[in-house]
Amino acid sequence: MAVEEKRAWIMIVVTVVSYGAYLAVVLGRSGSEPLTQQPYAAALLWTVGAAIVASIALHITVSLLSPEEGKVKDQRDREIHRFGDHIGQSFVVIGAVTGMLLAMAEADQFWIANAIYLGFVLSALLASTAKIVSYRLGFHPW
């Protein structure tokens, strides 16, 4: 398995675990109060920060444990990386536009922040999935 494919797997696992932890914390706090009244900012910042640290640590670990010949990026790896990132960027845009529309509609900050965060999560998942599929099923640039 190529190092870049391992990194895509790491991104999927870290994204799912961190977003799941965030949802568990925020939804776990909601009792009889509405979600918009729940404190979410600290949980969002901590889970994003922990995901970044975990991702960096796992990337370093994979790089150290991989054989030297597996660390070289060829043209195919660069194209797959670019392809996955281009596909994933669509959800960054969708999340940003959704956040902007919610702000213009004067929605609560909770919904704006969560729409943007969900856009980032879906972007990471879609980009990583596209990379893994490209490695597994073959990549054929148009």
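Good morning, colleagues. Please bear in mind throughout that the structure shown above is a predicted model.

I begin with the overall architecture. The secondary structure of the protein chain consists of four helices and zero strands, and the pattern along the sequence is therefore written α-α-α-α. Along its principal axes, the C-alpha trace spans about 55 × 35 × 20 Å. Three of the helices, H1 (3-29), H2 (41-65) and H4 (109-137), will return when I reach the largest pocket. Helix H3 covers residues 75-104.

Which residues in H1 meet H2? On the H1 side, they are Val3, Lys6, Arg7, Ile10, Met11, Val14, Ser18, Ala21, Tyr22, Val25 and Val26. Their partners in H2 are Ala43, Leu44, Thr47, Ala51, Ala54, Ser55, Leu58, His59, Val62 and Ser63. By class, this contact divides into 14 nonpolar, five polar and two charged residues.

The second pair is H3 and H4. Here the axes lie 8 Å apart, and the packing angle is about 160°. H3 and H4 are therefore roughly antiparallel to each other. The crossing of H3 with H4 is right-handed. The residues of this contact comprise 17 nonpolar, 11 polar and four charged.

As for handedness, H1 and H4 make a left-handed crossing. In the contact of H1 with H4 there are 16 nonpolar, five polar and four charged residues.

Rolling a probe the size of a water molecule over the atoms shows where empty space is left.

The largest pocket holds about 340 Å³ of space. It is lined by 15 residues, of which Thr15, Val48, Ala51, Ile52 and Tyr117 are the closest to its centre. Helices H1, H2 and H4 are the elements that each give two or more residues to this lining. Which element gives the most? That is H4, with six residues. The composition of the lining is 12 nonpolar, three polar and no charged residues. Ala51, one of the residues closest to the centre of the largest pocket, also takes part in the contact of H1 with H2.

The second largest pocket holds about 270 Å³ of space. Of the 18 residues that line it, those closest to the centre are Met11, His81, Asp85, Ser128 and Lys131. Two or more lining residues come from each of H1, H2, H3 and H4. How many charged residues does this lining have? There are five, together with six nonpolar and seven polar residues. Met11, which is among those closest to the centre of this pocket, is likewise one of the H1 residues that meet H2.

To summarise, the chain has four helices and zero strands. The lining of the largest pocket has no charged residues, whereas that of the second largest pocket has five. Thank you for your attention.

Terms used:
Residues numbered from 1 in each chain as written. Predicted model: local features only at pLDDT ≥ 70, side-chain atom pairs only at ≥ 80, totals over all residues. Heavy atoms only, no water. 1 Å grid on protein atoms, 1.4 Å probe; cavity = no way out; pocket = protein on both sides within 12 Å on 5 of 7 lines; lining within 4 Å. Points joined across faces, edges and corners; volume = space filled by probe spheres on them. Nonpolar A, V, L, I, M, F, W, Y, C, P; charged D, E, K, R; others polar. Contact = heavy atoms within 4.5 Å. Axes fitted to C-alpha atoms, helices over the stretch in contact; angles between N-to-C directions. Parallel < 35°, antiparallel > 145°, perpendicular 65-115°, else oblique. Left-handed = near helix turned anticlockwise from the far one by under 90°.
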